[in-house]
Amino acid sequence: MKRVALLGATGSIGRQAIEIVVAHPDLELCAVASGSTPLDDVDAPLKQVGGDLTEFLERAQPDVVLNAVVGFAGIHATLWTLEHGVDLALANKESLVAAGELALAAMARGGGRILPVDSEHSALFQCLDGAEREQVHSLVLTGSGGPFRGRSRDDLANVTPEQALAHPTWSMGPKITIDSATLANKGLELIEAHYLFDVPYSEIDVVLQPTSIVHSLVRFRDGATLAHLGYPDMRVPISYALTYPERAATPIAPLDFSALTLEFETPDTETFPMLALAREAGERGGTAPCVFNAANEVAVAAFLAGRLPFLAIAEVVADALAQSDGTPARDVNDLLEADGAARRLAEQGLTVA
């Protein structure tokens, strides 16, 4: 029996994870936590709403932690899991983006594994299975392009949060859905892929695949390319991470190839500059990815609250990056300071935007 601790139990990933665990005879939900939503309808011996997640995990003693917390708030749970050699099923990409080298160092000391839950990184993880690093030419992250794919900047001047939340293929929480609309999510995934797979940014490409059938691809040095295909359903990567190395059955229908048409497009980084800003932050290194993530969280919250226009999200992030030196974090306290400073810069940027 594999003991699963679920963090972020009431969000989209958390609810689907509960479905996966309940359906699998060898998975046990030993602990569940949420940020503020009651857990009355969740059956688990240990439950917590709010509070310290690391102390919670100490009590839970899990075999695998599914971190589905939204945003930088998941950082402490990620570092605890890696430091203690517990397998980390990672849906909280922001913690790896922000922590970067600190997270990898914790994993090296603890000896655990990161099992990616993002559909794109799960796809890459599976396509890379058994491959030596020198055999890999490059990685290709795919994205749907969000609800505004093909629009011009003029078209986006007055879009509302309701319009930005209308994702064409995925059902997700509000923060990640807005990130998809700005292409910030693809930028976060770019940085995450760099750390997960130890591939330089120059060898990670991004393409748009509007139907979200191709979840990512790996190019190999011999000219071959492996792609991971499937219907857009997060139960597949959640199940893979929780049952790895087994590939458990899920209720997802097999692909009907007779009904598929696969098209690919180059992202429009002039209309959607967040992807380019993320690549810039990643290449700068240090705490620049942390700054990118923090400023984006502030800007997205302001947009959802009606305090910031859609196009100004990128402006706030760009200004915060320009004013930050990106000094590497020696420890988690340095990281927290960088995150806090970036949030203050972003808040100041809201008044200008």
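Strand S1 (residues 2-7) and strand S2 (residues 27-34) run parallel and are joined by six bridges; strands here are DSSP runs of E with at least two residues, helices are runs of H or I with at least four, and both are numbered from the N terminus. Within this pair, Lys2 stands opposite Leu27 in S2. The model is predicted, so local features need pLDDT of at least 70 and side-chain atom pairs count only at pLDDT 80 or more, while totals for chains, interfaces and linings use all residues. Residues are numbered from 1 along each chain as its sequence is written, and side-chain values use heavy atoms, with hydrogens and water left out.

S1 and S2 belong to an open sheet of six strands with parallel pairing, in the order S3-S2-S1-S4-S5-S6; two strands pair if DSSP finds at least two bridges between them. Strand S3 (46-49) and strand S6 (114-116) are at the edges, and each has a single partner strand, so one side of each lacks a neighbour in the sheet. On average, and with direction ignored, neighbouring strands of this sheet are turned by 20 degrees against each other.

Helix H3 (residues 75-83) lies across S1, strand S4 (64-67), strand S5 (87-90) and S6, and runs at about 150 degrees to S5. Angles are taken from 0 to 180 degrees between N-to-C directions, along axes fitted to C-alpha atoms, for helices over the stretch in contact. Contact means heavy atoms within 4.5 Å.

A helix pair comes next. Helix H12 (residues 274-284) packs on helix H14 (residues 312-322) at an angle of about 20 degrees, and the axes are 10 Å apart. H12 is therefore roughly parallel to H14, a term for angles under 35 degrees. From H12, Met274, Leu277, Ala281 and Arg284 meet Ile313, Ala314, Val317, Ala318 and Leu321 of H14. The residues of this contact comprise eight nonpolar, no polar and one charged; Ala, Val, Leu, Ile, Met, Phe, Trp, Tyr, Cys and Pro count as nonpolar, Asp, Glu, Lys and Arg as charged, and the others, Gly among them, as polar.

Some backbone geometry remains. Most residues other than glycine have a negative phi, and most peptide bonds are trans. Asp198, in the loop between helix H10 (184-197) and strand S8 (204-208), has a positive phi of about 55 degrees. Asp198 counts as exposed at 58% relative accessibility, whereas Ser212 is buried at 4%; buried means under 20% relative accessible area, exposed over 50% and partly exposed in between, with a 1.4 Å probe and protein chains only. Ser212 has a positive phi near 60 degrees and sits in the loop between S8 and strand S9 (214-220). Tyr244 and Pro245 are joined by a cis peptide bond with omega about 5 degrees, and Pro245 is found in the loop between helix H11 (235-243) and H12.

Notes
Angles under 35 degrees count as roughly parallel, over 145 as roughly antiparallel, 65 to 115 as roughly perpendicular and the rest as oblique.
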